[in-house]
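Me: I'd like to go through this structure with you, a few regions at a time. Can we take it slowly, with cut-offs spelled out where they matter?

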Amino acid sequence: MDTQKLAALLLESQVPDTQRVKAVTAELQKNYFQHPQSLLLLIEIVATHQDVNVRQLAAVQAARLAVKHWEKVPKEQKPEVRRHLVEAVMRETTTRARHAESRLVASVAALDLEEGEWSDLIPTLFNLGGSQDVAQREIGSFIIFSVLEENPTAFCDDMMKLLELFSHTLCDPASADVRINSMMSIGAMLMMFEPLEEEEAVTKLQSLIPSMVEVLKDAVSAGDDDKTGQAFEVFQQFLAYESALLGNYLRDLVQFMIDLAANTQADDEVRSQALAFLAQTVRYRRMKIQGMKDMGQELTQKSLLILTEIDDEDDEDDMGPARSALALLDQLSSDLPPRQIIVPLLDAFPKFATHAEAGYRKAGVLALGTVVEGSPDFIASQVKSIMPHVVTLLNDSDVGVRHTALIGLARLADDIAEELSPFNEPIMTALVANLQAASAPTSDEKLARKNIEIIRSVCGALDAMSDALDTEFMKKYAGELVQHIGGLIGHNDFKIKIAASGAIGAIAESLGEEFKPYFEHTMHALAPYLLIKDSEDDLTLRSGVSDSMGRIAVAVGPQAFQPFVMDLMKSSEEALHLDNTRLRESSFILWSCLAKVYEKEFAPFLPGVFQGLFQSLELDEEEMVLKLSDEEKDIVGTDEEIITAGKKIKIKAAEEEDSDFMEADEDEDEWDDIGISPEALEKEVAIEILGDIITYACGTQEIATYLEKAVEMIAPLNEHSYEGVRKTAVSTLWRSYARVWQLMEQESGSSWEPGLPLKQTPSVTITKLGEIVSKCTRAIWQQDSDRSVVTEINRNVAATLKACGPAILADQEFMTEIITAVSSIITRSHPCQQDMGDEDEDQEVEGSSEYDWLVIDTALDVVIGLAVALGPGFAELWKIFEKPILKFAASESENIERSTGVGVIAECASSMGAEVTPYTEKLLKLLLKRLSDPDLETKSNAAYATGQLILSSTASGTYLPHFPTILQKLEPMLHIQEARIKDNAAGCICRMIIAHPDQLPISTILPALVGLLPLKEDYEENSPVYECISKLFQANEPTVQHLAPQLIPIFEAVLSPPAEQLDDETRNTVCQIVQLLYTANQGLFSNNPNVLKLAGVA
């Protein structure tokens, strides 16, 4: 084997001739790299060759081969090889080659040190790192970094000594390379620190942080992009480990980063990197940031100012400072309490919205639209003060501001469309005006481009607002909108066609059956686009049209849409084979819409539908190949494949060298950000649609045909690395259980009863399915660190317990899982509620982001579900949950905690019945205080809870003495229009009357109560109201007899639509009252004959 020939081949591999490179590669693989001697030859080339490119390439390839061949080098030969290798590095004058050679040293060292060899390397590196010669320091510092990067444990016995060295080299006055190498070395060794066991080392590490900040500052000042990026990366690495490593310096670091980001004199790329670091810090250290006084406010205010730099011509994908600031605002609103982020933003919003500079106006409305997703409830509560400014901006004289306002409006409507409905009129007027202005012809090319964006944004806003545009309102605009937007379906710009088709679907959704006059014309206009397939743009447009047609089907109903179903299904099945993920997803979504419209009549299409969905779940996810040594395979735990973030990664033996070695860069990282594969995203949609199909279109026969395979395919995916797949998988499993239970009850004609042991024996199918569902849930509920997954589990468990009762709880293991998981969540100790790396640390702070609270809120709903399913038997579990629930109900800092805690008390008291009696005194004391709460929602829930407690508890000696106080607190509530207070106060009074009619002044109370009827907001309270009235009539109570003429039109109102005013039992009660009164005095109904027909009396 010839050194010169090998060097010549390496040199030849650099020629720009693909065929020749392939031939050279094949020869190298076959005749050289399979043999151990090739490693020594490559090292010889590194040490002796004149061409720097060949030396560098030889070093890169030798580093790869070291793990395969170094152990086969004769032991007596190794010292000389090591010496030559180190000397070569010391002689190397070219930085990139020296770095490649240093990495080769590290590859060999990692193997030697593990075997207890090359004992003089570490002392040599310390000598080089501390040398008086700057060149030696540069070489030594990079080799130290390379060794640490290859094997961080190499210096485990010398950590303090190494940190002491870095305390000097981070401040090296002569070399920026030494400084950044030292900083990168610290990043590479972070995994070695155990804060609880190595306090001295951690303290020393923390003392280096100010010097590391100076390294970043120097790189920024020098305009060195590479070193700046490397320094930022090290600070990012700190976020992956325990927060104790940064300790109290985290605040200083955050402050430095936001000041740097806000400095308009700094380079835009540097500012963007600082903002990216801050966004990651907020994500992974949200509890720490939340605990920093005024930090959330400062981050918000400075981000707003940076956002004013946004330019109309900015590419949305260009993450300059303005868009990076927007991303930070998004993260802040998702992870910090509204009072820290939304309050300062809304304080600033009026000034920004009315500012003379267009940049400020755009920044204000864009920020508002961005933060609403993370804090929808808080933003919704401020709509009255926000929306007048938004409407003004929609009519701004600056076209760029109008465009941004349209984007902001669409984002607001995505999350709080219902709350925007009082402003529908001025919003719609502005949308129409913008559409007309943007449709006017112009010779100004820049304005023409902007007009296209305006038209798309108007369509997008209409699409987002569809949920809140009721039929009567839309009828006023339907003709004009359908004509104008329908015409855009033929526009030259395919993006406008997509937006227009979405807007048409939204208009149809809002109009419902009132869309029928426009239906056939619209369908014929859209239909041609269901056949196009010549380009990616065609397929994207076809996807949008398919989505729109699904919405139109829901609007017009099964009969009107029937003529189009066959062609649409044919198109959707063809779309599965056009190699476009988005189009396949649109087919799935269409199937969901049609299943909801046609229900069991959709059955003829189910074979193809299930086949298409199953094929999606069987997709091989995108493959990557990682070459791992045997030791690395042991770490990974497999020698076949791993799946992470939705991608399948094949494991390949390190010996199986690939053929593209020439393209490798010495600094490349095989663990680049992997991302989420299109296949994983498609599976997420397919699983959700499977849930829809099973829920809406499957009867007993279809369940028997398809459910087993569906569950078999979905169950393993609940541990998928992509949270979207995990979330939909666990949801669809629970929805399937609920559907099978529903069908079982329909067949048996019986309903479940609360309590354990079970009163009815579930079918074999539901029992087996329950075992699978509970097992899959147990696998992730307590461990998953993603809030959305845990929230979805909570939602589904709660809904299923309420709908299907206690059967799933007969599994004691699952009962224990529920109690443990819910307890950890409502005490804020679940992994998804902790900063990354700090799961064992007490991190309690005041307040929560809305996402964080949603995890707790849905867990409390599971508590309610348990109470509903177990009935009086829940009293034993109340002992477990009582303390944290009462803590929420007694919270002095957060209204949402008090209102939710009180609401949970109400539901649990109702379900426990008389078993709540032992807790009456403690609960009543708290509720009496909450009846005077300044927060209206809490006050309303307290009225509801008080009534439930009195109706359920038998401890009359405890609560009767408080009746006068309760009535005194309830009386003013009867005049408050907000938060369902009137309805809940009325319900409370009626429950008090039902429980103790002799203890209340009915002649005084009842007229005021009847004056509130019919209830308009909380229909659930109709149940106690009409039960109370019924009992009073049955007892011939004189006041109610006197009020009978006043009650007749009320009965007519509640028996009329909407049907949801009364549940079946309450409707029957009202009908019985009408029958009773009609029998006693037919003349009462002379002015309201229709009520008799509604009640089934005449």
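**Loops, helices and spaces**

Reply: Asp579 lies in the loop between helix H30 (558–575) and helix H31 (581–598), where helices are DSSP runs of H or I of at least four residues, strands are E runs of at least two, and both are numbered from the N terminus. This is a predicted model, in which local features need pLDDT of at least 70, side-chain atom pairs count only at pLDDT 80 or more, and totals for chains, interfaces and linings use all residues. Residues are numbered from 1 along each chain as its sequence is written, and side-chain values use heavy atoms, with hydrogens and water left out.

Me: Is Asp579 buried or exposed?

Reply: Asp579 counts as exposed because its relative accessibility is 67%, the classes being buried under 20% relative accessible area, exposed over 50% and partly exposed in between, with a 1.4 Å probe and protein chains only. Its phi is positive, about 55 degrees, although Asp579 is not a glycine.

Me: And what about the phi of Arg828?

Reply: Arg828 has a positive phi of about 60 degrees and is not a glycine either; its place is the loop between helix H39 (812–826) and helix H40, the latter covering 850–870.

Me: Switching to cis peptides, which residues does a cis peptide bond join, and what is omega?

Reply: One joins Leu1013 and Pro1014, with omega about -5 degrees, and Pro1014 is in the loop between helix H48 (1002–1010) and helix H49. Another joins Pro1057 and Pro1058, with omega about 0 degrees, and Pro1058 belongs to the loop between helix H51 and helix H52.

Me: What span should H52 have, and what do its end C-alpha atoms give?

Reply: Helix H52 (residues 1064–1080) has 17 residues and should span 24 Å at 1.5 Å a residue, which agrees with the 24 Å between its end C-alpha atoms; the expected span is 1.5 Å times one less than the number of residues.

Me: Which residues of H52 are buried, and what do they pack against?

Reply: The buried residues are Thr1066, Thr1069, Val1070, Cys1071, Ile1073, Val1074 and Leu1077, and they pack against helix H49 (1022–1034), helix H51 (1044–1055) and helix H53 (1090–1094), contact meaning heavy atoms within 4.5 Å.

Me: New topic: what does Arg898 contact?

Reply: Arg898 lies in helix H42 and counts as buried because its relative accessibility is 4%. Leaving aside neighbours within four places in sequence, its contacts include Phe888, Glu892, Arg930, Asp933 and Asp935. Its side chain also reaches the backbone oxygen of Ser891 at 3.2 Å, a polar contact being a pair of N or O atoms within 3.5 Å in which, within protein, one must be able to donate a hydrogen and the other to accept it, and residues adjacent in sequence count only if both atoms are side-chain atoms.

Me: And which side chain does Asn984 make a polar contact with?

Reply: The partner is the side chain of Ser940, at 2.6 Å. Asn984 is found in helix H47 (residues 981–995) and, at 1% relative accessibility, counts as buried.

Me: Last one: which residues lie nearest the centre of the second largest pocket?

Reply: Asp377, Phe378, Ala380, Ser381 and Ile896 do, out of 42 lining residues. On a 1 Å grid over the protein atoms alone, a pocket is an open set of points with protein on both sides within 12 Å along at least five of seven lines, and lining residues have an atom within 4 Å of a point. The pocket holds about 1,500 Å³ of space, a volume being the space filled by probe spheres set on the points, which are joined across faces, edges and corners.

Key. On a 1 Å grid over the protein atoms alone, a cavity is a set of points where a 1.4 Å probe fits but cannot get out, and a pocket is an open set with protein on both sides within 12 Å along at least five of seven lines; lining residues have an atom within 4 Å of a point.
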